[in-house]
Amino acid sequence: MATKAPITDLAKEWLRLDKNPETRKEIEALLEGNNTAELEARLRHRIEFGTAGLRAAMEAGFSRMNDLTVIQASQGLCLYVLEHVKDAKERGVVIGHDHRHHSSDFARLTAGVFLSKGVKVYAYKDLVHTPMVPFGVKSLNAACGIMITASHNPKKDNGYKVYWENACQIIPPHDEGIAQMILDNLEPWVWDYKSFENPALVDPTEKLVPAYFKEVDSLCIAKDANAASETKFVYTAMHGVGYPFAKEVFERFGFKPLIPTKEQVQPDPEFPTVVFPNPEEGKGALAMAFKAADEAGASVVFANDPDADRFTVAEKQASGEWILFTGNQIGTMFACNALDNWRSSGKSDAKVAVLCSTVSSTMLAKVAKTEGIHWEDTLTGFKWIGNRAIDLEKEGYDVIFGYEEAIGFMLGDIVRDKDGVSALGTFAQLAAKLYKNGTKFFV
């Protein structure tokens with residue numbers, strides 16, 4: 001049985017490797033204070049790389065998200081991709097980041113690792129919502145993609161999400177292969193905060209953001225009716241990156257401008273008005289949006305999570321009560337709407353398919369059986385939904401919709417991942433249609 005290394009040795013190894021003065025000070029202070037318990041928690045075990053990539057609190061230590069562990073993960077990922085993806089250097093990597101503390105630095109350090117090995121790097125220098133990374137991988141035929149985000153986690157956390165060359169989140173055995181490659185390459189070979197200034201790095205924003213919205217435009221089938229709608233919509237970004245994208249999709253769908261929840265609409269890594277910046281938390285998380293809607297006379301509230309890959313909706317009732325729909329309710333409405341739109345376009349539904357995760361409601365299966373279309377459930381997580389959608393496409397199916405109950409929705413093939421922005425535009429279009437006919441969602 002291997003002897004357990006003294007915690008002081010692990011601390012010395014950390015200080016040998018770490019070049020960030022702030023995180024070095026954290027470990028030095030814990031050593032000086034003889035805080036063995038905290039040193040054990042931070043240094044004894046490594047942060048684990050899995051199908052979800054990395055996610056942890058941002059602080060010093062091998063088990064946390066910080067400059068060193070991001071560099072180590074990037075080195076392992078880079079070498080694994082070079083070994084397993086054909087023409088990876090030329091195809092390149094797509095990197096995006098959200099607004100959280102240290103996200104920009106983590107993105108820069110990641111880019112520096114790939115550049116140091118001669119890999120083409122496409123990095124969004126400004127904030128993007130998470131779907132822009134898989135969209136970039138798809139559009140550029142890149143070898144992989146990385147999004148720096150902790151989604152709807154508390155402010156202390158950050159994460160590192162990986163997409164494979166098929167523009168889906170990774171699944172086994174790639175997670176295990178990458179994890180081993182990380183362990184085999186722990187010594188930092190580059191520490192580059194200035195990678196975004198490297199002339200070899202390409203910022204694809206001007207090309208890909210318009211291209212993304214052009215594909216989202218395909219979901220807009222009633223622009224004139226949208227423009228005529230008198231329905232008022234209030235929006236909250238949960239202090240995340242979603243507002244510019246939400247505004248754009250609303251404009252492109254022809255709607256009057258969204259009414260923003262002013263206290264929550266700008267990116268703020270402190271998330272000052274919510275403990276958990278997750279619209280799935282319920283009415284407490286949306287209290288400010290409800291207040292803004294009441295003041296504006298709006299009957300519908302939309303919310304994205306901070307990286308805008310999730311979406312939820314609430315509707316005001318005649319009693320004044322706000323009803324927040326579940327992910328299963330929204331998913332069922334999306335599926336029925338997607339099928340109606342597909343059939344209205346004159347396309348055959350003989351090979352139409354819809355997907356959901358196994359923890360989601362059985363309602364989608366019942367809809368599919370009634371309508372005579374193909375349905376499957378997958379293991380939990382969009383990595384499984386997205387990859388299964390691609391497999392079904394190879395079998396000749398048109399996968400028009402997929403969802404998981406945790407308010408994640410995939411509309412069409414813009415990305416084979418959840419996307420809160422395309423969901424927002426599509427649901428607004430459905431709402432405008434119902435309200436024009438004097439109907440509400442919740443009756």
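Biologist: Where does Ser 151 lie?

Modeller: Ser 151 is in the loop between β4 and β5. Strands here are DSSP runs of E with at least two residues, helices are runs of H or I with at least four, and both are numbered from the N terminus. This is a predicted model, in which local features need pLDDT of at least 70 and side-chain atom pairs pLDDT 80 or more, while totals for chains, interfaces and linings use all residues. Residues are numbered from 1 along each chain as its sequence is written, and side-chain values use heavy atoms, with hydrogens and water left out.

Biologist: How do you know whether Ser 151 is buried or exposed?

Modeller: Buried means under 20% relative accessible area, exposed over 50%, and partly exposed in between, with a 1.4 Å probe and protein chains only. Ser 151 has 1%, so it is buried. It also has a positive phi of about 55 degrees, although it is not a glycine.

Biologist: What makes Asn 34 exposed?

Modeller: Its relative accessible area is 60%, so Asn 34 is over the cut-off for exposed. Asn 34 is in the loop between α2 (21-32) and α3 (36-43). Its phi is positive too, about 55 degrees, and it is not a glycine.

Biologist: Why is β5 said to be largely enclosed?

Modeller: Seven of its seven residues are buried, so the rest of the structure largely encloses β5. Asp 157, Gly 159, Lys 161 and Tyr 163 are buried on one side, and Asn 158, Tyr 160 and Val 162 on the other.

Biologist: What makes β4 and β5 a pair?

Modeller: Two strands pair if DSSP finds at least two bridges between them. β4 and β5 have four, in the antiparallel sense, so the pair qualifies. Tyr 160 in β5 is the bridge partner of Ile 148. On β1, Arg 55 has Gly 159 of β5 as its bridge partner, and β1 and β5 run antiparallel over four bridges. β2 (residues 93-97) and β4 (residues 144-148), in contrast, run parallel, with five bridges.

Biologist: What makes β1 and β3 edge strands?

Modeller: The order in this open sheet of five strands is β1-β5-β4-β2-β3, with mixed pairing. β1 (54-57) and β3 (121-123) have a single partner strand each, so one side of each lacks a neighbour in the sheet.

Biologist: How do you know how α7 and α9 are oriented to each other?

Modeller: Axes are lines fitted to C-alpha atoms, for helices over the stretch in contact, and angles between N-to-C directions run from 0 to 180 degrees. Angles under 35 degrees count as roughly parallel, over 145 as roughly antiparallel, 65 to 115 as roughly perpendicular, and the rest as oblique. The axes of α7 (residues 132-140) and α9 (residues 205-216) come within 10 Å and cross at roughly 95 degrees. Therefore α7 is roughly perpendicular to α9. By class, their contact has seven nonpolar, two polar and three charged residues. Ala, Val, Leu, Ile, Met, Phe, Trp, Tyr, Cys and Pro count as nonpolar, Asp, Glu, Lys and Arg as charged, and the others, Gly among them, as polar.

Biologist: What makes a group of residues a nonpolar core?

Modeller: The residues must be buried Ala, Val, Leu, Ile, Met, Phe, Trp, Tyr or Cys, joined through side-chain atoms within 4.5 Å. The largest such core here has 70 residues, and Phe 302, Phe 311, Phe 401 and Phe 409 have the most contacts inside it. Helix α16 (residues 420-436) gives the most to this core, nine residues. Another core, of 54 residues, lies apart from it and includes Phe 62, Ile 71, Val 119 and Phe 196.

Biologist: Which residues does Ser 357 contact, neighbours within four places in sequence aside?

Modeller: Contact means heavy atoms within 4.5 Å. Among the residues that Ser 357 contacts are Asp 377, Thr 378, Ile 385 and Tyr 403. Ser 357 is in strand β11, and at 1% relative accessibility it counts as buried.

Biologist: What is the peptide bond from Pro 172 to Pro 173?

Modeller: That bond is cis, with omega near 5 degrees. Pro 173 is in the loop between β5 and α8 (174-183).
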